[in-house]
Number of protein chains: 2
Amino acid sequence: MSTPSGPGLPAKSGHILAIDAMGGDHGPAEVIAGVRLALRNHSSGIRILLVGDKAALDRHIAAEGLSSDDRVEVFHASEVIGMDEKPIAALKHKKDSSMVRAIELVKDGRADAVLSLGNTGALMAGGTLRLRPMEGVSRPALATVIPSRGHQFVLIDAGANPDADPIHLLHNALLGKEYARCALNIKNPRVGLLTIGTEEGKGSEKILEAHALLKGANGLFNYCGPVEGFQLFRNEVDVVVCDGFTGNILLKTLESCFDMLKDFLKEELMENPVRIAGAFLSKGAYNAVKKELNPESLGGAPLLGLNRLVIKAHGSSKRGHVAGAIRVAGEALQHEITSAIRADLDKLASAAGNPN
Amino acid sequence: MSTPSGPGLPAKSGHILAIDAMGGDHGPAEVIAGVRLALRNHSSGIRILLVGDKAALDRHIAAEGLSSDDRVEVFHASEVIGMDEKPIAALKHKKDSSMVRAIELVKDGRADAVLSLGNTGALMAGGTLRLRPMEGVSRPALATVIPSRGHQFVLIDAGANPDADPIHLLHNALLGKEYARCALNIKNPRVGLLTIGTEEGKGSEKILEAHALLKGANGLFNYCGPVEGFQLFRNEVDVVVCDGFTGNILLKTLESCFDMLKDFLKEELMENPVRIAGAFLSKGAYNAVKKELNPESLGGAPLLGLNRLVIKAHGSSKRGHVAGAIRVAGEALQHEITSAIRADLDKLASAAGNPN
């Protein structure tokens, strides 16, 4: 482990990811265990700047055997923003919090991206206020990968911008396309606009306007038209575009539905010795389903459309998910996702200027 | 079986349900098998008026041993609206279709409610145009029951009104409360407003306005405040109020997610002899989960807020679901759901007139 050498960190090779190490339900120990996993398994050359209480972090770094790993550094911050604090008030009053400091390190160019398991609202507000939306994007969007069988898709927006206008949905399509390229490694992702009834003339007014905009942006992404809810788990699209209200409700309902099903089946399987024996014999089937539908490799959800990359991981993330989020961050940085998005926006702007 | 005695059907006791017997993926045979089940299992005293091709219907009625059952009658209609036809055009050009005739029988007072497994858009448009929204309700809403573990909840609106204004969400709360009373037999259903982030000040602008309206209508229903997606499967509310866009996407995504999970687990369980043996031993667990999460007893989704009751059943409904839809219709008629809704609307109007 090296310590940061003052205001300008040494410009070593590889991207630097600032991690708000104090957020998350399981504390910094789990975050740092995730860092160790990530550094062991992935070769993106990423370097980690852990932000938080230095004494605590040093202890966990030592426990994970990372003290002599010069890819890991610590930046001290004395405060922590709690999960239930009001975002704006917390950002204002906790200037020396691990989250605020991590965002500032990115703003100051001392890190390339920020990852936090902490308060979602604070991260979104802090990221947006300090790192600013890119020219041409008025509202950032939260992208998340939803696993299905033999297939995964990007849902964008998962909650950043509930009152999205049609133009925001067009931006979400661009952002989602670039994210599917990085996170799912798909060259030309199929983009669908989430709606109800795919016949012409159905859906809300906003969706009809958005559909026209997405159709008009043909060439910038592979637009497959409107998609309905029943198509999401059928491998028909790679990017599902929606407003943050619909996306957040969908994501949280699906998570809660999965949990209910898992617990329900588990308890039924444990109800008597015969069922328990049966469950033991067919254990491989459950593990296969669980592994595919809850992949640790996709631990993070980026807030896209800002000048720098901000990644949110679930508060309940375990080390495997933290490592997954670090992997996603590393790949997005390697793919230079923000430059790719900026290039798309430039093309969009020039197409609007020259309608032919 | 009795045949209708001309323009005025005999005013026997019990409510009359007109069934568009030609809609549905499995044809009239399955519908009539469902009628037989319903008449055998339920004692609501409901009478059935089957609408469609008389020759075909008579044949299936005979096959089900219902020819001498005077609770079953037939009304001839020569045409059928297809599942993929454009609703308005179909209603206009197929005046002698089973769906149009069934709706007209209700309009003319010769039946009390209509049930169809056919084209959803045509049923919603036809019902709305011919049976008209109630005074005080500008847009009807589709209510559906979603099963969870040891609990079920009403989702309203499941797709009738995608561009809902806050006042429509208030009406949905009233309609959903009355439906939960009939379909789930809950005296004072807990009503929640579906949103993202339940802290004050979060959610879309529309939701914040709707929240104020629902809070203001206190006393008309048991309003529990905003609910998030993750609360839906946790038995926290009995009625989930949302716009038809969000509701339809949620419903269809959940259905498709269930199907994916079921197929995935099934195939994994069948992958090798050991897993097959295990699955056999723990069969009881799967059956318990399946029975609770796919109850045939809830086959129908009513379009509420019209002067008469219109019920939609899934096109893929099998006889058990048809019987469930008939049961729901019977209970809603016995509970006089439309009168109850009208009384609520009157209270709402007088409360608006006398703000103290």
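The questions and answers below go through the terms one at a time.

This is a predicted model, in which local features need pLDDT of at least 70 and side-chain atom pairs count only at pLDDT 80 or more, while totals for chains, interfaces and linings use all residues. Residues are numbered from 1 along each chain as its sequence is written, and chains are lettered from A in the order in which they are written.

Q: Why does A:Ala288 count as partly exposed?
A: A residue is buried if 20 or more other C-beta atoms, placed from the backbone, lie within 10 Å of its own, exposed if 12 or fewer, and partly exposed in between. A:Ala288 has 17 C-beta neighbours inside 10 Å, and therefore counts as partly exposed. A:Ala288 is placed in helix H10 (residues 283–293) of chain A; helices are DSSP runs of H or I with at least four residues, and strands are runs of E with at least two.

Q: What span is expected of helix H5 of chain B, and what span does the helix reach?
A: The expected span is 1.5 Å times one less than the number of residues. H5 (residues 120–131) has twelve residues, and its 16 Å from first C-alpha to last is close to the 16 Å expected.

Q: Which residues of H5(B) are buried?
A: Among them are B:Leu123, B:Met124 and B:Leu131. Their cover includes helix H3 (87–93) and strand E10 (300–304) of chain B, where contact requires C-beta atoms, placed from the backbone, within 7 Å.

Key: Contact = placed C-beta atoms within 7 Å.
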